[in-house]
Structure formats: C-alpha cells, structure tokens
Amino acid sequence: MNETTNNRPPKVSQDTMKKIMWLYRTRNCPLNKRGQCNYGMHCFDSHQTQPERRAPKQNQYNDWHPSKMQCTSGVAIESCKYGRACTFAHGDFEMDYHPVSYKTKACAQFQRDETCDRGMVCPHYHYPEEQRKIEEGSLCSDCKSDGLSRKAPPPQEYRRWLDRWLKRGANATAATAKKESTRAQQAMNIADTLHAMSLEHEVCEEKSTEHGKPLHSSPCKEVDVQLPDADASHSNLSLRNVSVSPNPLSPSFNDEEKWQPTAQKHTQSRAPSCLPSIPHSTNHSSAVAASTRSVGNLSVQSNHSAKSKKSSSAHASSSNSSSKQLRSTLIERKRKKRNHIKPASPPQEHQEEEEQQQQQQKQQQQERKQRRKQRAQLERDSMQIMKTYKVNECRNTKCSDVLCPHFHSWQDRRRCPFTYTYSHCACPQVFDMKTRKFGDTTQCLMRDGCGYAHNYVEVWYHPSTFHTRMCPLVRYQQPCPWNFHCSHYHRKLHRRKVSAPHATATVASNALHIKQQQQQQQPLQYQA
C-alpha cells in the first residue's frame, strides 16, 4: 500500500462524532496520572494540568460559554485576566471543536491530497456523510442534554484507529533505522579497509628506508622508465613498477627484466595518472633530460644488456621473499601492540552511565532550587492576600465587582489576622448552627476583640485554613473566577501545609469572654 492509502482517514460514525465534539480534550487522562497511558500526545483526553479545551455549554439566554469568537487579548487562557472564566475562546481547540463549527467545513488537505494528518480527530469533514448542518433549535445546550455523560470513556472506534496508526508509524521508523544501520556498517567496512591499506603503506616505507631508499612525498608509486636507443623510435616505451624492488641507481643493482618494446596503448594503460608526459623529440638525450626534470622520484634506466634465465628465477624468488617479509612485519606490529597495552581504562558504557547520573543529579538540584524559589514566591503572594484581602473599604462607591479585593459592606468586612488575634472557628454568638449562616456582627459584645470569626471570609482567609483544601469548582472541572485569590487551592503546587494554627486566640480566653457576655445578657432576658 502506498502512503496515500495509509494516511487516508476513515469514515466517522455519528456516535464518535458526538463524543469528539463534546468530550475531546476536555478532561484529564486518568491513566496519565498513574503513568500507564501509552498514547502520549495522541490521547483522547488531556495530559496537561489544565485541559486544552473547556467543555462547551449554553446558558438560559442561549449564549455559549465559551463562545465561538476568539478572545481579543490574543494570549493563552492562563495569561488572560479572566482566566478560565473568560466567555471567549482561547486556542484552536475551542474554536474548531465548538458545537457550532465542528464538521461544518471541508478539510483542505483531504481535498488536495486525499490524506489528512489528524485522521479521525480532524474537526473538518472528509466525506459528505460527515457534514453537519446547523439549524435553529437543533443544537443541545450541553453534553448531558445530548444524552452523553461527562464520564463516558473514549470511543472504541477511535482507539482501534489510533492503534493501527501508531503501529504503521512504528514499522516505518524501524525500517528507516534498519537502513541507517546498514549504511553505518558499510561505512565502517570502508574505514577498516582504508586503515589496512595505510598500515601496508607504512610498512613499505619502513622497508624502503632499511634498504637506503629515500622516502617519497608524492602519493603515486615509483615507476622505472626504460628508454630505447637513439636509433629506435621514441614512441615505444616500457614502464615497470619498482616500488618494492631495490634502487636501480645503486651499484649493487642487477637488471632482472629484459626490455621489450611495447605499443603506446599498452604503456598508457600501465602508467599511473600522476606520470608526466614526455615530449616527442628525435634526440634521445633531450627526452632523457625532460623526463628527469619533470619527475624527481623517477629512476631512469638505460641499461639494455641481455638477461639470463637465472636472473629471472632470482627475481621471482626475491618477490616471494618480499611478500613474506611484509606479512611478518605486520604480524610483529600486532604483537608489539598487544604487549604494550596501556593500563585498562573503565569501559565506555560505565563512563556514559556515570556522566548520565551526574547530569541527572545536576538537573534534580536545579529543579529543587526552582521549586524552592517558586514556593517562596507563592508564600509571599499568599501572605499578601491574607493581610489585605477584604480588609480595607473600597473607595469606589458604585463598585459592584464581585472579584474586588476590598469590602463594600460591613458584612463582608474582614479583620486582619496579623493585627487582631482570632481563631478560624465561628463565633457562637453570631453563627447559627441550624441554618449554617452568620448573623449580625453587632450581636457579639466583644466586636473586633472577639477571638472567633464573624463571617465566612474570616474563616476561609485565615492563615490556618487559606489554601488548605481543594476548590470544589476545579474538582468538578468548572472554571473558578478567583484564580489564585480563591480561598481554596487550584493546583497541588499552591497547597499550603499548616502544621499548627497561626495567630489564634486561646480557647480559655475566648471562653471567659463568652461567659461575660452571657452574664450581661441574662438580666436583660429576665426583664424582658
């Protein structure tokens, strides 16, 4: 099968389309928390602390939250001043998978190539059967009204398709890895052959220095040029490789080969590419001079005496002996290397493991430092909130903002726990146990000197209770408009660990105040 058939998305049923529209990336993956999810970034649910998409719902005025329109701030939802309570869409997930726009437009990539990288999860339709036609009053207000539970598992059709898609990707990566390994093996073989050739070349040079032969700087082999007499034509030359044979200019040199005139085409095939060309001249001495000037490492041989059969047999025996000597020198070199072994160093695997452990330790130390700094900054912010939240009166008399950090009425007023010593427990003179509500603060005769809390703001923003419990809105995956100013924590990082109550009055002193209040109120009740 070709690539186009493999990447061709399947047809999606109406049930899976419904689940993708309402639930895709709106929940945290339960398997990811335990480290058991194998799908990674392709999972149906989100693997982040906060899902990429908020579950869409419609209020009583038929307004969607979030709406299809993008927020004008143009930033991520964490950076928006309204947070997850913003009524506009943040990101492509909330705009593309919105019930008003999901599967209403055609996929451009599928129309062009008949393939789609997103596959079954693509928010645009691939086939005419998948197209949704939005009509007035046809949309449901949320997933529950559409007959779908928030805790419904991912569709089985999506899981089967994802398993097949990941399997094809794994096979493709394995094939590419196999090709790369074969290429690397071929490169290693070539490098070994080149190394062996370089060793052989070094051995030849050492042997030439032992015979008194000068070293050659040029990479080409030494060639013996035999020239004919002056009477013969200058076109017939004979070339012979004498890189292994002794120097012909030495006094102990005996010519072992008989000169034989050969054709020019044969000499061209036997001559190396680095041999310079000899100019055509009738004079034999000029040809010899030209050859000696151009090639410094060429030995000119002009001895044309006859050779005997004994000399030829001696030459064959000398060539055999030279090959044996070359083998022996290579064997001796290997033995020397084995004998002169350096002290054993630790294997590379152990060194790599130690380096990895050191790097991991450094990373862990850096992460700890960052956590400490972040924790200290969060503690400073929380202390500032506990000191100032609802302590001062709002200067704007017409302010009706619920998220305002200042109080607008005496019922919402909060005493600073660092200036007034009171407990987070409710005052029995003000709090009604049956209705679970606070009454008028004037009923307490101690007023600001009371050692108990007079409203819920003083209870939840007390240092012993602030950010100690999880926000119920976040627990049920609903947006909380107060963000970090909320009295309950939204993330585990924001949770405060309180070992003992901070700035609380003693129970005995509060009991005395209550007794005094009761004694003062008894005669009034008796007279009434």
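**Close-ups of a predicted model**

Glu114 counts as partly exposed here, with a relative accessibility of 44%. Everything in these views comes from a predicted model, so read the distances and accessibilities as computed values.

**View 1. Glu114 pairs up with Arg8 in a salt bridge.** Look for the closest N and O atoms of this pair, which sit 3.1 Å apart. Glu114 belongs to the loop between α5 (108–113) and α6 (156–210), while Arg8 belongs to the loop between α1 (3–6) and α2 (14–23), so the contact ties together parts that are 106 residues apart in sequence. Arg8 is partly exposed too, at a relative accessible area of 37%, and Glu114 has 44%. This pair is one of nine salt bridges in the structure.

**View 2. Glu52 meets Arg25 in a salt bridge.** From N to O, the gap between these side chains is 3.5 Å. The two partners come from distant parts of the chain, 27 residues apart: Glu52 is in the loop between α3 (30–33) and β1 (57–58), and Arg25 is in the loop between α2 and α3. Are the two partners buried or partly exposed? Glu52 is partly exposed at 21% relative accessibility, whereas Arg25 is buried at 8%. The cut-off for buried is under 20% relative accessible area, so Glu52 falls on the partly exposed side of it.

**View 3. Lys103 and Glu130 form a salt bridge, and both residues are buried.** Their closest N and O atoms are 3.4 Å apart. Lys103 sits in the loop between α4 (92–96) and α5, and Glu130 sits in the loop between α5 and α6, so this bridge joins parts that are 27 residues apart in sequence.

**View 4. Four glutamates make a negative surface patch.** Which residues take part? They are Glu352, Glu353, Glu354 and Glu355. Pick out Glu355 to get your bearings: this residue is in helix α10, which covers residues 348–388. With a relative accessible area of 47%, Glu355 is partly exposed.

**View 5. Thr388 and Cys416 have C-alpha atoms 7.2 Å apart.** Along the chain, the two residues are separated by 28 residues. Thr388 is part of helix α10, the helix that also holds Glu355 from the previous view. Thr388 is partly exposed, at 36% relative accessibility.

How values were computed: Residues numbered from 1 in each chain as written. Predicted model: local features only at pLDDT ≥ 70, side-chain atom pairs only at ≥ 80, totals over all residues. Heavy atoms only, no water. Helix = DSSP H or I, 4+ residues; strand = E, 2+ residues; numbered from the N terminus. Buried < 20%, exposed > 50% of the residue type's maximum accessible area, 1.4 Å probe, protein only. Patch = residues over 30% accessible without salt bridge, like charges linked within 9 Å, V, L, I, M, F, W, Y side chains within 5 Å. Areas by Shrake-Rupley, 256 points an atom, 1.4 Å probe, with all protein chains shown as cover. Lys, Arg positive; Asp, Glu negative; His and termini not counted. Charge placed at Lys NZ, Arg CZ, Asp CG, Glu CD.
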